[in-house]
Amino acid sequence: MKSKLLSLLCIAAGLLATGASTSAAAAEPRVVTITVNEQMKFDVTAITAAPGEEIKVVLKNSGTMPKLAMGHNWVLLKKGTDANAFTTAAVSAGAATEYIPADQKAAILANTKLIGGGESAEVVFKAPADKGDYTFVCSFPSHFALGMKGTLTVK
Ligand code: CO
């Protein structure tokens with residue numbers, strides 16, 4: 001009888017422990033690590049997310065050049081944004097803004113800062129509730145035109 005009670009207690013404790021660890025994991029955003037370098041490409045060009053899912057993008061620059069010469073950022077644009085027009089505006093905005101044009105901020109869902117070689121940056125955001133494709137770009141001059149882009153698909 002006593003051992004039966006003990007085993008029930010053990011099961012209850014086990015369930016509590018499992019429950020605690022599950023909820024702790026759910027509170028952490030999913031981490032997506034994207035590595036960049038002088039090749040001017042994101043090594044991850046497709047990210048899939050559930051509507052409203054919390055995601056942390058960690059951008060790592062494994063290159064060696066300073067950010068003024070070869071900087072990279074990760075900018076997630078709202079659905080329907082003209083990425084070509086956005087990155088053109090970013091060039092006009094200049095290095096002082098880290099190529100984030102003040103008059104285009106409404107088009108941005110999330111972005112990291114601009115980083116040079118050996119640096120990293122991260123941003124936590126919630127995937128949009130609206131399903132569909134969202135373009136992400138590096139807004140450093142000419143990088144988008146050279147293919148530094150990808151797609152976040154919410155489904
Ligand atoms: Co870049």
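Two strands pair if DSSP finds at least two bridges between them. Strands here are DSSP runs of E, at least two residues long, and helices are runs of H or I, at least four residues long, both numbered from the N terminus. With those terms, Glu54 has Lys126 in S6 as its bridge partner.

This is a predicted model: local features need pLDDT of at least 70, side-chain atom pairs count only at pLDDT 80 or more, and totals for chains, interfaces and linings use all residues. Residues are numbered from 1 along each chain as its sequence is written.

**Overall make-up**

- The chain holds three helices and eight strands.
- Read from the N terminus, the elements run α-β-β-β-α-β-α-β-β-β-β.
- The chain has 155 residues, and 24% of them are buried. A residue counts as buried if 20 or more other C-beta atoms lie within 10 Å of its own, as exposed if 12 or fewer do, and as partly exposed in between, with C-beta atoms placed from the backbone.
- Take the contacts between residues at least 6 apart in sequence: 71% of them join residues at least 24 apart. Two residues are in contact if their C-beta atoms, placed from the backbone, lie within 7 Å.

**Confidence**

- The mean pLDDT of the chain is 89, and 83% of its residues reach 70 or more. The pLDDT is the predictor's confidence in each residue, from 0 to 100.
- Residues 5–24 have a pLDDT below 50, and this stretch has zero contacts in the model beyond near neighbours in sequence.
- Where pLDDT is low, the predicted coordinates should not be read in detail.

**The three-strand sheet**

- Three strands form an open sheet in the order S1-S3-S6, and the pairing is mixed.
- Strand S1 (30–36) and strand S6 (120–126) are the edge strands, each pairing on one side only.
- From one strand to the next, the twist averages 20°. Axes are lines fitted to C-alpha atoms, for helices over the stretch in contact, and angles run from 0 to 180 degrees between N-to-C directions.
- S1 and S3 pair in the parallel sense, over seven bridges. Val36 has Asn61 in S3 as its bridge partner.
- Strand S3 (residues 54–61) pairs with S6 in the antiparallel sense, also over seven bridges. Ile55 stands opposite Phe125 in S6.

**The five-strand sheet**

- A mixed, open sheet of five strands has the order S2-S8-S7-S4-S5.
- Its edge strands are S2 and strand S5 (108–111), and each pairs on one side only.
- Neighbouring strands in this sheet are turned by 25° against each other on average, direction ignored.
- H3 packs on the sheet and touches S4, S7 and strand S8 (149–154). The direction of H3 makes about 25° with that of S7.
- S4 and S5 pair in the antiparallel sense over three bridges. Leu76 stands opposite Ala110 in S5.

**The nonpolar core**

- The largest nonpolar core has 25 residues. Such a core is a set of buried Ala, Val, Leu, Ile, Met, Phe, Trp, Tyr and Cys residues joined through C-beta atoms within 7 Å.
- Those with the most contacts inside this core are Trp74, Leu77, Phe136, Val137 and Leu152.
- S1, S2, S3, strand S4 (75–77), helix H3 (83–93) and strand S7 (132–137) each supply at least two residues of this core.
- Leu152 touches Ile47, Ala49, Leu76, Ala127, Tyr134 and Phe136, leaving aside residues up to four places away in sequence.

**Loop residues**

- Asp43 lies in the loop between S1 and strand S2 (46–49). Asp43 is partly exposed, because 13 other C-beta atoms lie within 10 Å.
- Asp43 touches Ile34 and Thr35, not counting residues up to four places away in sequence. Asp43 and Thr33 are 10 residues apart in sequence and 9.0 Å apart in space, C-alpha to C-alpha.
- Met40 also sits in the loop between S1 and S2. Met40 is not a glycine, yet has a positive phi of about 55°. With 18 other C-beta atoms within 10 Å, Met40 is partly exposed.
- Ser142 lies in the loop between S7 and S8. Its phi is near 70°, a positive value in a residue other than glycine. Ser142 is exposed, because 11 other C-beta atoms lie within 10 Å.
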